[in-house]
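Reader: Please pick one part of this model and take me through it closely. I'd like one connected account, with its surroundings included.

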Amino acid sequence: MFEKITIIGIGLIGSSLIHGIRKAGLAKKIIAADIDSGVCETVKKLEIADAVMTDIRQSVVGSDLVILSIPVGAYASVGEQISPTLKAGAIVTDAGSVKQSIIDVFLPLMPDSVQFVPGHPIAGTEYSGPESGFAELFEGRWCILTPLPNTNIKAVEQVTKLWETLGSQIEIMNPKHHDLVLGITSHLPHLIAYTIVGTAEDLEDDIMSEVIKFSASGFRDFTRIASSDPVMWRDVFLNNRDAVLEILQRFTEDLTAVQRAIRRGDGQFLFDTFSRTRHIRREIIEQGQADYKAPGGVIQEGTPPVEALHTKSVRVE
Ligand code: NAP
């Protein structure tokens with residue numbers, strides 16, 4: 001489908017893309033580029049790309065498709081580096097978790113001869129780094145594309161085909177709407193997880209050891225989410241500020257209502273609130289979004305455990 005694909009940023013998403021693209025035979029040549037020489041060394045050892053380099057500018061020369069899987073805060077720097085060396089007619093797409101701020105920063109840096117098709121795979125784990133990727137990560141997941149009114153339709157179709165071949169379903173969305181939806185489904189839950197685990201961490205040492213010892217599923221699940229990459233999530237919150245603050249305001253109001261019900265002993269309010277929300281879990285299960293396909297094709301619930309990802313060194317903080 002493509003002669004040459006360059007993937008910039010070889011972490012969880014970038015390495016999963018390489019595995020998936022190789023498995024599906026979507027490119028004759030795959031170039032992997034990352035700012036981190038240690039990451040490049042690991043990618044070389046994994047032998048998953050045709051060339052691996054830290055020279056971002058050079059990495060895109062002659063490529064028909066360039067995919068950015070870098071932290072949201074790195075788009076300006078990468079855009080400045082690649083804009084002079086991108087091939088005329090090339091398509092650039094990305095996996096960034098925030099869309100509007102990326103478009104604002106990155107699009108003006110792109111030459112007129114290049115098409116930028118912003119994207120976001122709704123797939124991931126709490127692991128990061130080049131060894132955490134696997135080809136099946138995108139199977140059965142949504143990928144949201146947020147093209148602009150003047151984006152070339154052929155470029156959108158090619159990016160759509162890429163993600164569909166990797167097993168994803170495509171939804172086209174307005175970038176601002178994307179940021180609001182993801183604010184509630186992904187960004188707020190991460191913020192709550194980071195905060196609740198941080199609150200536990202601030203407890204005195206003796207209580208903290210009991211928190212770990214008697215950790216029940218609720219807290220355990222929060223610790224999984226709160227072990228996600230801090231650079232990625234710092235950049236998400238700095239770049240989706242308005243949507244996150246709006247959702248956070250609503251959440252705070254709802255939390256205050258629950259707090260008042262507990263203080264007043266209003267069991268009916270608590271029961272009604274907790275009953276109202278159960279159907280959302282059922283719908284997520286019914287739509288096949290509660291599990292993942294592990295390497296080998298086995299369906300599992302939740303996100304993959306580290307051993308299922310053949311991961312030797314994970315950056316879980
Ligand atoms: P990751 O595992 O941390 O990998 C990102 C890689 O990009 C790292 O190797 C990093 O190098 C490298 N990098 C940082 N700045 C760079 C630059 N200026 N030029 C080239 N490479 C650079 O991150 P990820 O989880 O794959 O996420 C990548 C993107 O996908 C992010 O925009 C994220 O929002 C999005 N996304 C993530 C998930 C998820 O669940 N993880 C899901 C959907 C979308 P260092 O070693 O220096 O950090």
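Author: Two strands count as paired if DSSP finds at least two bridges between them; strands (E, at least two residues) and helices (H or I, at least four) are DSSP runs, numbered from the N terminus. This is a predicted model, in which local features need pLDDT of at least 70 and side-chain atom pairs count only at pLDDT 80 or more, while totals for chains, interfaces and linings use all residues. Residues are numbered from 1 along each chain as its sequence is written, and side-chain values use heavy atoms, with hydrogens and water left out.

An open sheet is built from 6 strands in the order β3-β2-β1-β4-β5-β6, with parallel pairing. β3 (51-53) and β6 (115-117) are at its edges with a single partner strand each, so one side of each has no neighbour in the sheet. From one strand to the next, the twist averages 20 degrees (axes are lines fitted to C-alpha atoms, for helices over the stretch in contact, and angles between N-to-C directions run from 0 to 180 degrees). Inside this sheet, β4 (residues 65-68) pairs with β5 (residues 91-94) in the parallel sense over 4 bridges, and Leu65 sits opposite Ile91 of β5. Helix α4 (residues 75-82) lies across β1 (2-8), β4 and β5, at about 160 degrees to β4.

β7 and β8 (residues 142-145) run antiparallel and are joined by 3 bridges, with His120 opposite Ile144 in β8.

Time to walk along α6 itself. At its start, a side-chain oxygen of Asn152 comes to within 2.7 Å of the backbone nitrogen of Lys154. The helix has 13 residues (residues 153-165) and should span 18 Å at 1.5 Å a residue, which agrees with the 18 Å between its end C-alpha atoms; the expected span is 1.5 Å times one less than the number of residues. Ala155, Val156, Val159, Thr160, Leu162 and Trp163 are the buried residues of α6 (buried is under 20% relative accessible area, exposed over 50%, partly exposed in between, with a 1.4 Å probe and protein chains only). Looking down the axis of α6, the buried residues fall within an arc of 160 degrees, so they line one face of the helix; the arc is taken over directions from the helix axis to the C-beta atoms. Turned away from that buried side are the exposed Ile153, Lys154 and Lys161. After α6 comes Gly167, with a positive phi near 105 degrees.

Val52 of β3 is buried at a relative accessible area of 18%, and its C-alpha atom is 27 Å from that of Val156, 104 residues apart along the chain. Not counting residues up to four places away in sequence, Val52 touches Ala32, Cys40, Val43 and Lys44.

Technical notes: Contact means heavy atoms within 4.5 Å. A polar contact is a pair of N or O atoms within 3.5 Å; within protein, one must be able to donate a hydrogen and the other to accept it, and residues adjacent in sequence count only if both atoms are side-chain atoms.
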